[in-house]
Amino acid sequence: MGYLHELISISHKAKRLERHWRPHLNRTRQAILRIANSTPNKDTIIVFGSGVLLDAPIEELSNMFKKVILLDIYHTRDTLKKLIQYKNVTVLPRDLSGIAEALWEQYKDGKKLRYLPEPLSTYNSLTKNVSLAVSLNLLTQLSFVPTVFLSRFKKISITQEAISCWKESFCTAHIKALNGLDCPKCIVTDHESLCKDFSGRIIARNSTVFEDANHISESADIFLQLMEKNGWRRFDCWQWDINPAGEKSKDMAEQLTVSAFYKCG
Ligand SMILES: C[S@@+](CC[C@H](N)C(=O)[O-])C[C@H]1O[C@@H](n2cnc3c(N)ncnc32)[C@H](O)[C@@H]1O
């Protein structure tokens, strides 16, 4: 469906933009370690969206916890090779949104999209006896591949508005599922995109979680309000130079605002 393609392209981009991405990747690792260190029960940690291990401090987590579970929709051969040395680290290949199969079935069946499958909003079966759950730069990516995949359908009997709502429902379902876990949890995620001109002046500000076109400036803040309302404490925030000038556009740079949140059990 494109998940493997995405993983490969993120690995290449991380190498190409190493200098620009390094501060974000380090800050993510530090945020996770801060929470991991302060978690009293060091039995099992589960990391959602471990990907190609760009931002997961595997060595430290492997030393700190009895068991480390890395969940992603796909683990590349290189990733599995890197993990061989850590005897207490296991991988769990899972579609966390639970929609890929339903979408694929409709594609196979004449490329007609009849309905938009609802993303999973409970992870209880995945997290028995887990002492800490971490969502790792995953929240805004959950809808990415499924939304791009829709363009491969020949016939779609669903409105654009319904597709926009569906996209947002991946984020709300993920937060609901994390809220439902009875262990401490941490989310590191981008939630705002800033486009800057060559002088550093902000020329566009958009939410990367909710994209209500009518409320662009407010929608960038709705996510923070939602997290606060759900009892999440924001303990760190930084900018990620995801697309420096020259990457997507010659004169414009794109930065993402990334925050780290914590919620106890
Ligand atoms: C932006 S990457 C996060 C970076 C990642 N932590 C790393 O170091 O490579 C988003 C990750 O979410 C994973 N992902 C996206 N949709 C998923 C799903 N439905 N279930 C599980 N993982 C998913 C992707 O495969 C990717 O590894």
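The structure is a predicted model, in which local features need a pLDDT of at least 70 and side-chain atom pairs count only at pLDDT 80 or more, whereas totals for chains, interfaces and linings use all residues. Residues are numbered from 1 along each chain as its sequence is written.

Asparagine 243 belongs to strand S9 (residues 233-243); helices (H or I, at least four residues) and strands (E, at least two) are DSSP runs numbered from the N terminus. When its neighbours within four places in sequence are left aside, asparagine 243 is in contact with Lys248, Ala253 and Glu254, a contact being a pair of residues whose C-beta atoms, placed from the backbone, lie within 7 Å. Asparagine 243 and threonine 44 are 199 residues apart along the chain, and their C-alpha atoms are separated by 35 Å.

The protein comprises 8 helices and 10 strands. Its radius of gyration is 19 Å, close to the 18 Å that the globule rule gives for 265 residues, so the protein is as compact as a globular protein of that length; the radius is taken over C-alpha atoms, and the rule is 2.2 Å times the number of residues to the power 0.38. Taken along the principal axes, the C-alpha atoms fill a box of roughly 50 × 50 × 40 Å. Of the 265 residues, 34% count as buried, and among contacts with a separation of 6 or more, 66% are accounted for by residues 24 or more positions apart.

Strand S5 (residues 132-136) is mostly covered, with 5 of its 5 residues buried. In a regular strand the side chains alternate between the two faces of the sheet. In S5, Leu132, Val134 and Leu136 point one way and Ala133 and Ser135 the other way, and all are buried. Strand S5 runs parallel to strand S1 (residues 44-48), to which it is joined by 4 bridges, and two strands are taken to pair if DSSP finds at least two bridges between them. Strand S7 (residues 185-196) is likewise joined to S5 by 4 bridges, and these two strands run parallel. Valine 134 of S5 stands opposite valine 47, while its bridge partner in S7 is cysteine 186.

Apart from neighbours within four places in sequence, phenylalanine 48 is in contact with Leu71, Leu96, Ala133, Val134, Ser135, Leu136 and Leu138.

The shell around the ligand consists of 22 residues, of which Gly49, Gly51, Leu54, Ile73 and Leu96 come nearest, a residue being assigned to it if its C-beta atom, placed from the backbone, lies within 6 Å. By class, this shell has 13 nonpolar, 6 polar and 3 charged residues, where Ala, Val, Leu, Ile, Met, Phe, Trp, Tyr, Cys and Pro count as nonpolar, Asp, Glu, Lys and Arg as charged, and the others, Gly among them, as polar. Helix H1 (residues 3-16) gives the most to the shell, with 3 residues.

Most residues other than glycine have a negative phi, and most peptide bonds are trans. Asparagine 137, in the loop between S5 and helix H6 (144-149), has a positive phi near 45 degrees, and asparagine 137 is buried because 23 other C-beta atoms lie within 10 Å. Lysine 111, in the loop between helix H5 (100-108) and strand S4 (112-113), has a positive phi near 55 degrees, but counts as exposed because it has 12 C-beta neighbours inside 10 Å.

Histidine 75, in the loop between strand S2 (67-72) and helix H4 (77-83), is buried, with 20 other C-beta atoms within 10 Å. Beyond its neighbours within four places in sequence, histidine 75 is in contact with Leu80, Val91 and Pro93; proline 93 is 18 residues away in sequence and 6.9 Å away in space, C-alpha to C-alpha.

Definitions and conventions:
Contact = placed C-beta atoms within 7 Å.
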